[in-house]
Amino acid sequence: MLEKIFLLKDHNTTLRQEVVAGITTFLTMAYIIFVNPAMLADSGMDHGAIFVATCVAAAIGCFVMGFIANYPIALAPGMGLNAFFTYTVVLEMGYTWQVALGGVFISGCVFIVLSLFNIREWIINAIPHSLRFGIAAGIGLFLAFIALKNAGIVIDSPATLLTLGDITAFSAVMAALGLFIIVGLVNRNINGAVMISILLITILSILFGKVDYSGIISMPPSVTPTLMQLDISGALEVGMLSVIFAFLFVDLFDTSGTLIAVAQRGNLLDDKGNFPRLGKALLADSTATVAGSMLGTSTTTSYVESTAGVAAGGRTGLTAVTVGVLFLLALFFAPLAAMVPSYATAGPLFYVAVLMLAGLVHVKWDNISDAVPVAVICITMPLTFSIAHGIAFGFISYVAVRLFSGHTKELNISVCLLALLFLVKFIFFA
């Protein structure tokens, strides 16, 4: 049966090899079951319900990717957009988490339409590479800022807006230790470095009396507090348009970049360098996002950590299905997830931020027309506490720089239209 579904022999792999690859991928990305509930709970959502939604949405995405697209690519709620969901859309902009979930739902539906009608390629090709690298790096800096804030290393100041917190506090010390543990384990090629760091910091917190021990295994909590609680009509307000665009835009490029990275690592591209069954792979991502919003979690996307499983021999969808099964088994570890303090996830957030900054090496810094929009994105995204604002300022500055420099031939209709829409939004709907 497995041979018929996943074509193991055609992909020169075995059941054991695929399962091992799935376990490897799960260990590298399982940190999301601790980080996502902790982050979204700050928006007022129920922690236990988010935990269930995270695991189930990830499992749905993995199953669709495995059974329909037959690729060894795992999915789960994405880093960056979960922070944007809580700290910008809900806490900064003042929308309810129900409206924010409605925005995620709409972005997922639009993603499905783009995938079905092959509009995705046109959108991606129309966006300059410098802006793509800048957006990824800006999200990284946004995550790093949140990590420093959660650890108490950076605090607010009435005089300077930001200042250094108490770096000798337990939270700050544990956050730094968590980051160093990850770096040490990664350098030793140990799978699950991020998850191990979170667990070790949580254990130390229990031993020092900072966290009350509440058990490890139990029946899964109820998802009812967040199930089908999304407010779609509220998400259709004009002010939410830039938010929906940010959800869609980041997911679109996140997924595309991940699919290409995994395909190249596993030699999954065809003879012409194309990605077979791309539409089915994108469908897995978009349907998981829609399902996740109904369950009660932010945007679900493909994880670049899937490259670890591919490196371990994963070649078919059986790898993704294995990850999905493991996410369902993780449902019984809700008490453990509930004990994880916010500073235990600060180190992992900072580590992910470092990985996302890597794309800056591809920016042509000697070309001021490229450098300025990238710098604008990277600076404004964390300082305005908004991925949407960072993207908007990036597009506006990209067009403005080229207009003032006389390099209008480098502009295309799509970029100009988006920049104009963002400008109109700031002027009339700020």
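Cys378 is buried, with a relative accessible area of 10%. The cut-off for buried is under 20%. This is a predicted model. The structure holds zero disulfides.

**Cysteines**
- Cys378 falls in the buried class at 10% relative accessible area.
- Cys109 counts as partly exposed, because its relative accessibility is 29% and that class runs between 20% and 50%.
- A disulfide is a covalent bond between the sulfur atoms of two cysteines.
- The number of disulfides in this structure is zero.

**Arg402**
- Helix α19 spans residues 387-405 and includes Arg402.
- Is Arg402 buried or exposed? Arg402 counts as buried, because its relative accessibility is 1%.
- The side chain of Arg402 makes a polar contact with the side chain of Asp370, at 2.6 Å.
- Asp370 is also on the contact list of Arg402, which leaves aside neighbours within four places in sequence. Ser369, His407, Thr408, Glu410 and Leu411 are on that list too.
- Ala338 is 64 residues from Arg402 in sequence. In space, the two are 50 Å apart, C-alpha to C-alpha.

**Thr202**
- Thr202 sits in helix α10, which covers residues 193-207.
- Thr202 has a relative accessible area of 2%, so this residue is buried.
- Which residues does Thr202 touch, not counting those up to four places away in sequence? They are Met339, Val340, Pro341 and Ala344.

**Helix α3**
- Helix α3 consists of residues 32-40.
- The buried residues of α3 include Ile32, Ile33, Phe34, Val35 and Asn36. Pro37, Ala38, Met39 and Leu40 are buried in α3 as well.

- Ile217 is exposed, because its relative accessible area is 60% and the cut-off for exposed is over 50%.

Definitions and conventions. Residues numbered from 1 in each chain as written. Predicted model: local features only at pLDDT ≥ 70, side-chain atom pairs only at ≥ 80, totals over all residues. Heavy atoms only, no water. Helix = DSSP H or I, 4+ residues; strand = E, 2+ residues; numbered from the N terminus. Buried < 20%, exposed > 50% of the residue type's maximum accessible area, 1.4 Å probe, protein only. Contact = heavy atoms within 4.5 Å. Polar contact = N/O pair within 3.5 Å; in protein donor to acceptor, adjacent residues only side chain to side chain. Disulfide = S-S within 2.5 Å.
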